[in-house]
Amino acid sequence: MKSTEYLLATVRQVPADVEIVSHRLMLRAGMIRQLASGIYNWLPTGLRVLNKVENIVRDEMNRAGAQEVLMPSVQPAEIWRESGRWDFFGPELLRFKDRHERDFCLGPTHEEVITTLINNEIQSYRQLPANFYQMQWKFRDEIRPRFGVMRCREFLMKDAYSFDASRQGMEQSYQVMYDAYCSAFRRLGLDFVAVAADSGAIGGSVSNEFHVLADSGEDGIGINTEAGFAANVEMIDLPPSGAQSSQPNKTLAVVDTPGVRSIADLCECLSIPASKTLKTLLVRGDAGPVALLLRGDHELNQLKAANLPGIATPLQMENVETIAEATGSEVGSIGPVGLEIPIIADYSTRAMSDFVCGANQPDRHLTGVNWQRDLPEPEFADLRKAVDGDPCPNDPSLPLSVKRGIEVGHVFQLGTKYSEAFDATCIDSAGDSVIMWMGCYGIGVSRIVAAAIEQNHDESGIIWPEPIAPFLVCIVPINFQQSDNVAQVSLKIHDELAKAGIEVLLDDRDDRPGVKFADMDLIGIPHRLVVSDRGIAKGQIEYKRRGTDDVELLPAEGIVDTLRSRINRHG
């Protein structure tokens, strides 16, 4: 491929609201362009990478014995109502009516479709186990699309669904897919970890997420490799430590805190650490508002909170009007002292003393607050997400390390949730009709492209893992238009590489070498060859591998074989 025949849409500037590296580099490298909020066009460079990710995932699905199908993206409301998810899924489900006023949606997932399909195609246990997958563009109407293709509304997903005649069969199918995911992510060149996870809106009893480790990840992952433990911080139980609060050293006092609306504001105003503050969150309960208390440096675990007795489902924060009625104050100044509503505090708050909390008066807080002396001890429960240093559930003597992760895959043991809803049965070996057991397995194909960039980049641009690079080799000629020798040698190497099945981009543009080097680094092509008159005279080609500073002079003779060995070594 020659640059003059290719849409090399690199740019230097991107919109100011771009927040993360992958979004910025995908725009600058000419991989994507936004059409609408959370909806993107994929340009040739981006599509080459996307196709490579898709092909590796497809290959691993085929190796695992899954069969590829293609299901409609437009789905009728009837099957969603039958599964009970038409209302439960919420506003992320994009709903519309056809010309006959019938309800439809754009599929965010395909459990309903696959279950109705297979229910009509499989009658006997002899046809099981069976696993069906597709590569399909999904749509979820995210309330706040951000981070480019990392959290967008339209995205490419590989979703697979297994069917078995028993729980044991489902568990075996689940393990096969778990192993296939590990193999796929290794082949993609990703540093990943598999963690225990919540099943969310999909449902089921057991699930695991696969996360690419990156500082920009939205999910916290608690890890202790020595204990063999890894889980999403939302899934980590944090039992009471047994620690009790110390004797009070300070008297209760009211202090003015004008303009304070957050824990960060409070810490700055009073020059105190967040661990000495108590935050109060009001959520909807079955019989009115409930106050949840956490240490200021901890974050509410919404999954845990939603499972508390008396808390309304789904979990919702109370509105401004209810907060004012229940506390006499506003967000930013709420505290538990004197509250006449149910209060539940996280276990970690039990050991707090002389802490700071809202005074239930606008722009005022209480200092020197202590349990029992200033307010009765509330009900305590596990309410928070795990943080660095928390005890590892597998071995409490070892600490957890919390890293950031980007979820790129999720596998579920669905059980019979959907097969029961659609009466999806088969005849077992005894001749009886039994409900089929299902598994569900998703990989965010388009998200992997962004996740790989988050994990592999430098100040010059992208550093692709070789299996998903848009091109493996770039040739940068010096004075291609002015030197016949440079043009002939460059074209010869280009043609030999292409004939050898090595994807190559020849930058034959009439631009300065610095512009070409910058673009090739930005795009992230792993191997760069520089052809010049001086090098030709010496029988040499300049070689540089992306991500390193070392420049080598290689013999021009046999350059294709030399490159092939280096690609095989690093690929």
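Author: With a disulfide taken as a pair of cysteine sulfur atoms within 2.5 Å, the count comes to zero. This is a predicted model, in which local features need pLDDT of at least 70 and side-chain atom pairs count only at pLDDT 80 or more, while totals for chains, interfaces and linings use all residues. Residues are numbered from 1 along each chain as its sequence is written, and side-chain values use heavy atoms, with hydrogens and water left out.

Cysteine 152 is buried at 6% relative accessibility, where buried means under 20% relative accessible area, exposed over 50% and partly exposed in between (1.4 Å probe, protein chains only). Cysteine 267 is also buried, with a relative accessible area of 14%.

The charged pairs come next. Side chains of opposite charge can pair when their charged atoms come close. Counting a salt bridge as a side-chain nitrogen of Lys or Arg within 4 Å of a carboxyl oxygen of Asp or Glu, the structure holds 40 of them. One of these joins lysine 52 to glutamate 503, with 2.4 Å between the closest N and O atoms. The two residues are 451 apart in the chain, lysine 52 lying in helix α2 (residues 44-63) and glutamate 503 in the loop between α12 (484-499) and β29 (504-506); helices (H or I, at least four residues) and strands (E, at least two) are DSSP runs, numbered from the N terminus. Lysine 52 counts as buried at 13% relative accessibility, whereas glutamate 503 is partly exposed at 28%.

A second bridge brings together the side chains of glutamate 330 and arginine 261, at 2.9 Å from N to O. Glutamate 330 is in the loop between α9 (320-327) and β16 (343-346) and arginine 261 in the loop between β13 (253-256) and α7 (263-270), so this pair ties together parts that are 69 residues apart in sequence. Glutamate 330 is partly exposed at 30%, and arginine 261 is partly exposed at 39%.

Lysine 385 and glutamate 299 form a further bridge, with their closest N and O atoms 3.1 Å apart. Here the link runs from the loop between β19 (379-381) and β20 (391-392), which holds lysine 385, to the loop between β15 (288-295) and α8 (302-306), which holds glutamate 299, and the two are 86 residues apart. Lysine 385 is buried at 16%, while glutamate 299 is partly exposed at 46%.

Some bridges share partners, and in this way Arg12, Asp507, Arg509, Asp511 and Asp519 are joined into one network. Aspartate 519 lies in helix α13 (residues 513-523) and is buried, with a relative accessible area of 2%. With contact meaning heavy atoms within 4.5 Å, aspartate 519 touches Leu8, Thr10, Arg12 and Arg509, not counting residues up to four places away in sequence.

Helix α2, which carries lysine 52, has 20 residues that should span 28 Å at 1.5 Å a residue, and its end C-alpha atoms are 28 Å apart, which agrees; the expected span is 1.5 Å times one less than the number of residues. Its buried residues include Val49, Lys52, Ile56 and Met61. Just after α2, glycine 65 takes a positive phi of about 90°. Lys52 and Ile56 are also in contact with proline 467, as is Arg187, when neighbours of the proline within four places in sequence are left aside. Proline 467 is found in the loop between β27 (461-462) and β28 (473-477) and is partly exposed at 31%.

Finally, the interior. A nonpolar core is a set of buried Ala, Val, Leu, Ile, Met, Phe, Trp, Tyr and Cys residues joined through side-chain atoms within 4.5 Å. The largest has 58 residues, and Met31, Val449 and Trp464 are among those with the most contacts inside it. Helix α11 (residues 445-455) gives this core its largest share, seven residues. A separate core of 27 residues includes Ala77, Trp86, Cys105 and Phe422.
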